Amino acid sequence: MKKLLFSLFAMFFCGMLMAQHTIEITLYTDAYGSETTWDVKDISSNTTLAQGGPYSNLSAVGTSQQTISPISVDGTGCYVFTIYDSYGDGIHTSYGNGYYTISYDGTVVVTNNSFTGASASHFINPTTGSCVQNEIALT
């Protein structure tokens, strides 16, 4: 009985230490979805946690919402979201006003409705919304 209680206590305690958190990405691409890709990495281990794209193109100017599954993280790392545009003009162009938001446990930590370059990176930290920028340089 003592072993069973200890095992249950240990599972509960470890579960609390390893609590799961969620990163959610809402992405609207411009008409050229085939140019858009993205990834989320844990920079402490340089592990890619999720990635997406390229997406389908539209037949006319406009935006297209992309379906992205929530990303589960343990909350101990510092995560970076990077979006890429292979043509180099971003997703907020004359071909559609694309944008994205990033939420951590339901709280929006990044909103970008002006991405017009080849790539953009955003740090996601579970406690403050962004990593200490002195820890790593943006590329």
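Me: Patches are made of residues with over 30% relative accessible area and no salt bridge, and nonpolar side chains are joined within 5 Å. In this predicted model, which residues make the nonpolar surface patch of about 290 Å²?
Reply: Membership requires over 30% relative accessible area. Tyr95 is partly exposed, with a relative accessible area of 36%, and therefore passes that cut-off. The patch of about 290 Å² is made by Tyr32, Val61 and Tyr95.

Me: Where is Tyr95 placed?
Reply: Tyr95 belongs to the nonpolar patch together with Tyr32 and Val61. Its place is in the loop between β7 (92-93) and β8 (96-97).

Me: Which residue of β11 is the bridge partner of Val80?
Reply: Strand β6 covers residues 79-85 and pairs with β11 in the antiparallel sense over six bridges. For Val80, the bridge partner in β11 is Phe123.

Me: Which residue in the turn of the hairpin formed by β2 and β3 has a positive phi?
Reply: Strand β2, residues 36-42, pairs with β3 in the antiparallel sense over five bridges. Asp42 has Thr47 of β3 as its bridge partner. Four residues lie between the two strands of the hairpin, and the one in the turn with a positive phi of about 55° is Asn46.

Terms used
Residues are numbered from 1 along each chain as its sequence is written. This is a predicted model: local features need pLDDT of at least 70, side-chain atom pairs count only at pLDDT 80 or more; totals for chains, interfaces and linings use all residues. Side-chain values use heavy atoms; hydrogens and water are left out. Two strands pair if DSSP finds at least two bridges between them. Patches are made of residues with over 30% relative accessible area and no salt bridge: like charges are joined within 9 Å, nonpolar side chains (Val, Leu, Ile, Met, Phe, Trp, Tyr) within 5 Å. Accessible areas come from the Shrake-Rupley method with a 1.4 Å probe; for residues, only the protein chains shown count as cover. A salt bridge is a side-chain nitrogen of Lys or Arg within 4 Å of a carboxyl oxygen of Asp or Glu. Buried means under 20% relative accessible area, exposed over 50%, partly exposed in between (1.4 Å probe, protein chains only).
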